[in-house]
Every structure is written in structure tokens, then in C-alpha cells.
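Keep the viewer open as you read.

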Amino acid sequence: MEPITLNIPVLALRGLTVFPHMNLTFDVERAISITALERAMEADQQIFLVTQREIGVNEPEEKDLYQIGTVSHISQVLRLSKTSVRVMVEGRQRARMRRLWQTAPFLQANVELLEEETPSEAFRASPRTEALLRQTWNLFGDYAELATGVAEEVVSTVMDCRDVGYLADFITQNIALRHTDKQEILEEMAPFLRLRKLNGFLARESNVLGFEHELEGKVRDQLARTQRDQILRTQIRVLQNELGEGEDVDDEIDDYRQKIAALGLDEETEKHLLKEVNKLTKQPFGSAEGAVIRNYLDVCLEMPWNTATKERVSVEVARKVLERDHFGLEKVKERILETIAVRQMNPEGRGQILCLVGPPGVGKTSIAISVAKALNRKIARLSLGGVRDEADIRGHRKTYIGAMPGRIIEAISHSGSMNPLLLLDEIDKLGSDYRGDPASALLEVLDGEQNNSFRDHFLEIPVDLSKIMFITTANTTDTIPRPLLDRMEVLQLSSYTDEEKLQIARQHLLGKQMTEHGLKRGALRMGDDVLRAIIRDYTRESGVRQLERRLGAVCRKTDMRLLKGDVKRITITEADLPKLLDCQPFPPALHTEKEEIGVVNGLAWTEAGGEILEVEVNVMEGSGKLELTGNLGDVMKESAQAALSCLRSRAAVLGIEADFYKTKDIHVHFPEGAVPKDGPSAGIAMATAMLSALTERKIKAGYAMTGEITLRGRVLPIGGLKEKTMAAKRNGLHSVLIPKDNVRDLEEIDQTVRAALRFVPVETVDEVFAEMFAPAAPVAREELPTVAAFAPVVRETMGDAALRQ
């Protein structure tokens, strides 16, 4: 039999499938679909309805459409608006699209009508068919119980139908299936196979609906519990309000949750904080545990999580700030600028931890503040002096009464930024006792490999310290534990020279003190000679704190004189200083200024700078004892023993009596006995003073010396040369003997000091003695007795032969 073909308009359906003998109403909005309807209405009202493969395609082509569709009759068309119509159709017969030969202005195709298989009477009455029908009725009944919106008419029609093919089409048309599943049913021409496929889809949908109902039940139970809890909380809140305890706990809990969500924390931290909030909801009103949790949450939420200042990494800006705020300290400035340069080249690199070491008052703290200004970082200062408890660094467990986070976390919280500059001041003064060792707790803080997940005992959540710039300060590295010192790069800040102090006073301190004391710029005049006198005679320090206090005293006296009204401008002279400063100048350091026997000017380093250290030696008849006085340390005593042994080994060469160590007592004394003294650098000074006293030879005036001595007479290098040479210049000496190995340190000495002193490098004590002892004065020739003067006496007593000999 020849297949029947038709050339009819095509309407592409999106998400819909029409089956034969079924009525369906739907809306049409696409222009090509409306035009196809109009053309069909003008003809015999027949149209080919076919489903699109993809719903999102607006202008379908043949490849976008399924091949099998339904030739339908248009029952009614209702125009809803200019761009949409509602159409009612009745499916007539399955058909296959042979070719879509028109796509504009509407779709039109050549379709072939498909004849469905008609089962025989024997097949319809077979047990197999009956079993399939019963299975379908059972599955549909289960589906209708679980699904919503299945009309009673549909259920009754299904239960009364025994036509296998019609039953499959009817159920598929009236239940919610994916359009791909419906298309699969439509394309199956054998009624028995079509119904078997439908049963599989019904079983699947029933399982899915069962799971949906189970989930809905759980959600419903959860909502019921939540509603119950809410009702109970409302009742509790009402009762609390009646009792005068009306703190709105629910609002507080919601506020905590909102704040935690707004912080944008990592998953671990947010989960931990929400857990604490949940604990708080279970605490009774006024409980101690509730107060602990509230305090904990408040501390955590005050932390500046994910908040950081925009860093300004510029070497030139940092250089200008450091030069403006500080005079001198060139090496320290250069090293800090190198650190900033590295950050400028590699912003993600791990920064170094700098330790500024130097005497008090030289500007360690102010340099850190200047670095923070240059980098546009907020600064937080932690004074570690006297800290003896590890909990000061790591915090206390929050369960303890009065617990609080450690100083590191508190400093970050107060700074309001996660990338501040933390200044750990006086790190060399950390202590330790039975409560722990805070220096050990700092090992993790100052380790760039570990501090990205620092855990404070109070917070119990990881805190990233890797973005923080750490600068520590100390007066000495001797008391800093080795592991902690190994984590820091040490920058030494030496004492200021008198010239540097003069420039600092002129450029910074005097103007600052005049401003603080309300003095106008021209109200007080003070020349450089007056400033030098204050520095030289009224201060004894390595830094400038005492100098600033002296200038403050002068400003206060000036305020008093100006308020009397008799003068408008005051000029300070050196003669006014004792009265203005209410004190007499410091006496000059005890030192010899003339050629003496057994007295040598040594040089010493102190925290206040350099000092002259006079060495006195007396030699007396005795039994060879060596007496050492002047509050000396063990190292200094051993150095005196080494100097004496060196002299004994050279006794013949130096013109010392061979048995002096048996017949002479030697007393070595360092004046100012109340001041402790120690160190090996006075070795050559003691050896020189001993030799002078033993040989009764005078020592040249105007000299000072420093250097460690060995048993074989070598002169070893010493430290603190810069401060020691400043002391020599300040006390009016003109020459300084230094170890030859210290010549390289002369570059660090101020130019004014180098110009004022003559430096004599020495390698051995022989060179020291040659420089310090003037050669013996020759006897005048006319004073020498001649042989002729003795001739008569010799001839008379011993004869002419003796005279000739």
C-alpha cells in the first residue's frame, strides 16, 4: 500500500508533545508559529505538531526537530494579544517528517502518515495483555496517590480503558514526564511495547515522588521543630520581660550570625564561630558560661579580619621620610631601604624581621615609627620589658576567669589592620619563670615559615601573621636566646658623636622643645658653641634623651624670664648654663695630661658612650705579689696577668730586672672604684703602665690606647672603637693607639673625630712601647769624664800597662 504524504504547515513545540486522539490547549507566541496557524486555518485546519529537541532554539531548522510528530486538527484559535494566541488542537494520527522544505515565513514540511499496529482479538484477550494492563493500573494508582493534580476523571478513564495503545497515549499525555520520555512513547508504533515503556517510566516517577515525599516530610518535621522552638523562645522572652530580664537574646544571636557572615572568613574559622554561637543559644539567661562565650565572640569579631591598609612601597618616599626624621645612622637607613626595595620588587615575598640593637636614646623606636609612616602601615607597639609569662604572648584559655588574648592578637585588634607594623620593644629584657618562657613563644611569631597559622590560646583559630612587618629593639644581644636571635637580622645602632648630637639638637630637638614650651621662633637664641657645651659638659649619654631634657630646662627658664616682661628675646651664652640648668658641669674624665711614670690613658666602652679609663701602676719592694683594685671583673684580671707574663718574657730586652717578679710588688689600680669594669681591651694599657713603673720611664702625654694583649705580645682587635675615639677627642687627646686589625673600623668613625686624632695602628707590644716611651736623653759630651782625667790615678795605682789596656 502506498504511503500517504501531505504538505502541511508545521508548528514546532517547546517542551510539549501531542498524542493522537488527545485534546491539548497551549499558547503560541513565535511569529513563524502564528503564521503557520493562520495558513492552516485558511486551508483544511490541519497542522503537523512536532517537538523541538532543544527548548532554547528560537528559529528551528530540520535538525532541531524530531522526525515523529502528530498531524492534528485545529479546533479553536483565540488571540490573546498582538503577539500571542491560544490554540486548542486535537491529535489525529502519527506522522513522520520527510523533509522540511520551508522555514520562512512559516515552517512547512512534507510528512508521511504512519499507520499504527492493530492487535488481534486473541492478543487483546491473552493473559499476557491482561498482566500488562494490571501492572499499568497498579503503577498508575501508585503514581496518582503520590502525585498532585491528577484529576479524578483521568483516573477513572485509565481504570476503564482496555485498549493498550490508547491507554499508553492517554496516560503519557496526562502525567508529568520529560518531553524526551514522551517523545520516546510517541515514536513507538507497537502498542504492547509502548505500554511496557510507559510502565518503566511510571515506576521511575513513583520512586522519585516517594523520595520527594520523604524529603518533604523531613523538611516539614524540621520546620515543625523550628516553629516549636520559636514559640518556646517567644514564651521565654515574654516571661523574661515580665520578670524585668528582657534582654532580647534572639536578636543578639541573629546579630552575631550576621556579623560572622559579613566578615567573609574561611570555612574553618566561620564554622568554629558559628559553633560557639550555637552553644550560646543553649545557655540559660545569666549563666557564667554564657558570659564567657559572649566575651569570646566579641573579641573574635573585633579582629580586623580581611582588613588591610594599602601599602605604599617606594624607596624614594621612605628615603625622604627617614632623612627628614633622623640625622645620621646612615648604615641603618640604607639597610631599611634595601628591605623596602626588596618588597617593591617582590611584593609577595617573605619579609625579614629586623632587630635594632643599640644603647638607649639613639632612635630605635622612632626609626620603626618612620618606617610605618613611609610604608603607610599602621603601627602597634608592644613593650616586652619584664614580661615573664608565656600567656602574655599566646593568651589564656578562654575558660579561665579573666582570660584574654595575647599581646600579639591585642596589638592587631587595636591597629585595625591585618598588615600593621608591630614594634616589639625591649626584646632583650624578656624574663622566664615557672609560668613559661615568653621568648620561646615568640619563636613561632617571628618565624616566617610558621606564622601564617598562628594560634592564640584564647582565640583557638588560626591567624595569619605573615603579612605583618615585625621590627624588634634591644640594647644588647647578650640576653636574647640564640634560637630567637637566629630568626632576626641584627642592625647595630652606635652612639651619636658630638657633632651628630649638635645637628640633631639644631634640626630637631630645640625646635620641638620650643614648640612644646610655647616659644616663638625668635624668642630664644642659642649658638652652636652653647649646644656643644651642653653636650660636652652637661650630658653623659650615647643617645639624645638627656640632651632633650636639658634643652627643655632651658626653655622653661626662658618662659619664666619672658613672662616677667622686661625682655622679649633671650640669647643664651655658655656662662648662663649652670644657672639655667640648675647644676654644675660634669667634671672631665680623670686622665693624665702630662708625662708621668706608671700612668696610662686607656679607653672604655659604656652604654653612655666612650670614656677615658686611667690606669695607675705602683711598684714597691716586696715578694712578687700582683694587686688589682678598682672593681674589676674576671676578664680584666686575667688580662692583667697576661700583661705581666708578657713583660716577664721580655724582661732582658725591655731593661727590667730579671728577678723583679720575686722582689717587687706591683699594684694596678683603676680609679672610680665604685664603677664595675671588665673586658680585655685594657691589656696594652696595663702592660705599658707596668713597664713604665718598673723601668721608671715616663710615658708620652696626649696619648690613649686600647687593645687586647696576648702572652706573646700580640695586640688583638677590640670593639666599640667609634665610642672610644670620641671619648679621646672629647678629653683633648691627640693620638690613639689601636690594634692594626681595627683599621678597617676607621671608616665608621665620624670625619671630625678622624681629623682631630692621630691613629697609630700596632700589631705587637713592642710597637706600643716604641711609640709611648721617649728615647733616653743623651748626656752632653762635655760632661763625660775623659780617659785623660782618670790617667794620673790609674797610673799611680795600676801602672802604665793598665792605662794602655
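Start with helix H10, residues 288-302, whose 15 residues reach 21 Å from the first C-alpha to the last, close to the expected 21 Å at 1.5 Å a residue. That expected span is 1.5 Å times one less than the number of residues. Helices here are DSSP runs of H or I with at least four residues, strands are runs of E with at least two, and both are numbered from the N terminus. Buried residues in H10 are Gly290, Ile293, Tyr296, Leu297, Val299, Cys300 and Leu301; buried means under 20% relative accessible area, exposed over 50%, and partly exposed in between, with a 1.4 Å probe and protein chains only.

A word on the model: it is predicted, with local features needing pLDDT of at least 70 and side-chain atom pairs counting only at pLDDT 80 or more, while totals for chains, interfaces and linings use all residues. Residues are numbered from 1 along each chain as its sequence is written, and side-chain values use heavy atoms, leaving out hydrogens and water.

Next, look at the loop between H10 and H11, where you will find Asn306. Its phi is near 55°, a positive value in a residue other than glycine, and Asn306 counts as exposed at 59% relative accessibility. Glu460 also has a positive phi, near 65°. Glu460 sits in the loop between strand S10 (454-455) and strand S11 (462-463), and is partly exposed, with a relative accessible area of 30%.

Now follow the chain to helix H11 (residues 315-325), whose axis comes within 9 Å of that of helix H13 (residues 364-375), crossing at roughly 145°. The contact, meaning heavy atoms within 4.5 Å, is made by Val317, Ala318, Val321, Leu322 and Asp325 of H11 together with Ser370, Val371, Lys373 and Ala374 of H13. The axes are lines fitted to C-alpha atoms over the stretch in contact, with angles from 0 to 180 degrees between N-to-C directions.

Gln503, in helix H18 (residues 498-516), touches Phe327 and His508, not counting residues up to four places away in sequence. Gln503 and Phe327 are 176 residues apart in sequence, yet 7.3 Å apart in space, C-alpha to C-alpha.

Finally, zoom out. The chain has 30 helices and 24 strands, and its C-alpha atoms fill a box of roughly 185 × 80 × 55 Å along the principal axes. Buried residues make up 45% of the 805 residues.
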